[in-house]
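Subject: Structure handover

Dear colleague,

Here is the structure we spoke about. Please look through it before reading my notes, which follow below.

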There are 2 protein chains.
Amino acid sequence: MVTPKKRTTPLTKDELFTAALAIADAEGLEALSMRRLAAEVGVEAASLYHHLPSKDALLSGVIVKMRSEMRIPDPLPEDWRELLLAIFSEYRRVLAAHPNLTPLAGRRVETDPDSGLVFLTQLGFSDDDAVELWQSMIALAVGFSIFGSAYAESDVSDLPSELAERMSDWRDETCVRSLRMLIDAYDAERAG
Amino acid sequence: MVTPKKRTTPLTKDELFTAALAIADAEGLEALSMRRLAAEVGVEAASLYHHLPSKDALLSGVIVKMRSEMRIPDPLPEDWRELLLAIFSEYRRVLAAHPNLTPLAGRRVETDPDSGLVFLTQLGFSDDDAVELWQSMIALAVGFSIFGSAYAESDVSDLPSELAERMSDWRDETCVRSLRMLIDAYDAERAG
DNA sequence: TCTGCTAACCTAACGCTGTTAGGCTGCAGG
DNA sequence: CCTGCAGCCTAACAGCGTTAGGTTAGCAGA
């Protein structure tokens with residue numbers, strides 16, 4: 001696990017983010033300390049501060065790194081609703097692939113200019129409506145991912161047992177279903 | 001701020017949760033340490049472990065305490081859609097009232113048996129549909145609260161400026177609007 | 001080739017954290 | 001009066017993020 005060899009090439013930020021992401025994935029967020037990361041990349045903890053201003057910056061970098069794993073399907077769906085759905089399903093897939101990072105998922109919002117929001121306005125959505133739909137989809141996807149991860153402990157002990165069991169199961173299809181409903185509803189309001 | 005006097009009555013869990021919530025509200029989550037809390041209630045840090053098994057238990061207690069601030073309007077809305085909306089608007093109000101706790105908001109789901117979920121099944125929703133709507137509303141409300149709090153740093157620098165500004169503004173009305181859309185959509189699918 | 005600069009690393013230490021072990025104290029029940 | 005124990009204490013542990021300041025190796029310019 002730990003690389004004991006002396007380094008030959010200097011560290012890079014990207015290498016740090018990648019290693020940090022790997023540690024968090026494998027051992028949990030609480031295992032990701034500066035010393036642990038330093039050991040992983042074959043360096044002492046203080047040396048990391050030559051590349052990063054703080055641990056906070058490290059965590060932000062890890063989130064960005066995770067987000068960079070998003071892959072949009074190559075022949076883009078023709079229907080814009082399917083495109084939106086593809087984007088946010090992918091968002092959720094990436095979040096679900098790194099369940100240890102869900103506590104951090106909300107700490108950073110990034111919206112690429114070419115990722116769909118601007119596109120919405122070109123479809124006839126007002127700026128307000130486009131943003132509201134976009135925000136709602138982000139909130140839903142992130143919320144579902146948080147509650148779906150082990151981070152969340154649920155107390156449903158007072159519910160009837162069938163409901164309790166079902167409430168502990170945060171399914172991907174449910175998220176997609178609700179995402180679709182939001183898209184259709186905003187679309188209907190735009191048309192009406 | 002800190003109570004220097006010797007205590008006359010023994011500590012209670014509830015007193016600890018209340019004090020911890022106050023510290024987190026006033027000074028942020030990172031200020032809430034066992035030593036800080038102990039000082040606040042006039043005791044040494046180690047003594048807290050007579051009442052709590054761990055800091056994690058403290059944080060869970062704080063979340064429960066926060067959630068207990070929810071108040072459902074007294075003449076219950078007659079329309080069940082308005083009732084649902086009232087519940088989740090209140091949920092969001094409480095979350096927004098404690099912005100420093102949003103990072104923890106996802107760590108614990110509680111669903112009272114009498115808070116509406118069971119009620120949905122009595123209205124004709126299948127167990128699955130009721131749970132899916134319920135989960136979606138939780139996810140949306142929590143997601144909005146997280147992104148609306150200062151916890152989230154947004155990077156919208158690449159967006160057109162009007163969109164960027166609007167994207168940094170997570171409005172309550174937007175959350176309510178989307179909640180309402182979800183309710184109506186699930187209602188329509190139930191009827192259809 | 002020698003000089004000097006600087007990037008990239010190091011050791012050591014600071015004050016903080018959650019947590020545990022073990023001891024004191026004062027009050028309630030027998 | 002004696003016992004037990006709830007409720008607090010002091011002291012210490014290992015680990016944390018971070019900083020100050022020192023070393024080293026390699027490259028730029030003379």
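At what angle do helix H4 (residues 80–97) of chain A and helix H9 (residues 172–191) of chain A pack, and how far apart are their axes? This is a predicted model, and in it the two helices pack at an angle of about 145°, with 10 Å between their axes. The crossing of H4(A) and H9(A) is right-handed. On the H4(A) side, the contact is made by A:Arg81, A:Leu84, A:Leu85, A:Phe88, A:Ser89 and A:Arg92. H9(A) contributes A:Asp172, A:Cys175, A:Val176, A:Leu179, A:Arg180 and A:Ile183. Sorted by class, the contact of H4(A) with H9(A) has seven nonpolar, one polar and four charged residues.

Domains of chain A

The domain assignment of chain A gives domain 1 as 13–67 and domain 2 as 80–191. The C-alpha centres of these two domains of chain A lie 28 Å apart. Nine residues of domain 1 of chain A are in contact with nine residues of domain 2 of chain A. On the side of domain 1 that touches domain 2, helix H1 (13–27) and helix H3 (55–67) of chain A each supply at least two residues. H3(A) gives the most to that side, with five residues. The residues on this side of domain 1 of chain A divide into five nonpolar, two polar and two charged.

Contact between the chains

Between the two protein chains, 45 residues of chain B are in contact with 45 residues of chain A. On the side of chain B that touches chain A, the elements giving two or more residues are strand S1 (108–110), helix H6 (117–122), helix H7 (127–148), strand S2 (153–155), helix H8 (161–167) and helix H9 (172–191) of chain B. H7(B) provides the largest share of that side, 14 residues. By class, the residues on the side of chain B that touches chain A are 24 nonpolar, eight polar and 13 charged.

There is also strand pairing across the two chains. Strand S2 (residues 153–155) of chain A is joined to S1(B) by three bridges, and the two strands run parallel. Within S1(B), B:Glu110 is the residue that stands opposite A:Asp155.

DNA strands

Which residues come closest to DNA strand C? Of the 18 residues that surround DNA strand C, the closest are A:Glu44, A:Ala46, B:Ser33, B:Ala46 and B:Lys55. Helix H2 (34–40) and helix H3 (55–67) of chain B are the elements that give two or more residues to the surface near DNA strand C. H2(B) gives the most to that surface, with three residues. The residues near DNA strand C divide into eight nonpolar, four polar and six charged.

The largest share of the surface near DNA strand D, three residues, comes from H2(A). By class, the surface near DNA strand D has eight nonpolar, four polar and six charged residues.

Regards

How values were computed: Residues numbered from 1 in each chain as written. Chains lettered and ligands numbered in written order. Predicted model: local features only at pLDDT ≥ 70, side-chain atom pairs only at ≥ 80, totals over all residues. Contact = placed C-beta atoms within 7 Å. Helix = DSSP H or I, 4+ residues; strand = E, 2+ residues; numbered from the N terminus. Nonpolar A, V, L, I, M, F, W, Y, C, P; charged D, E, K, R; others polar. Pairing = 2+ DSSP bridges. Axes fitted to C-alpha atoms, helices over the stretch in contact; angles between N-to-C directions. Left-handed = near helix turned anticlockwise from the far one by under 90°. Near = placed C-beta within 6 Å. Domains from an automatic or database assignment.
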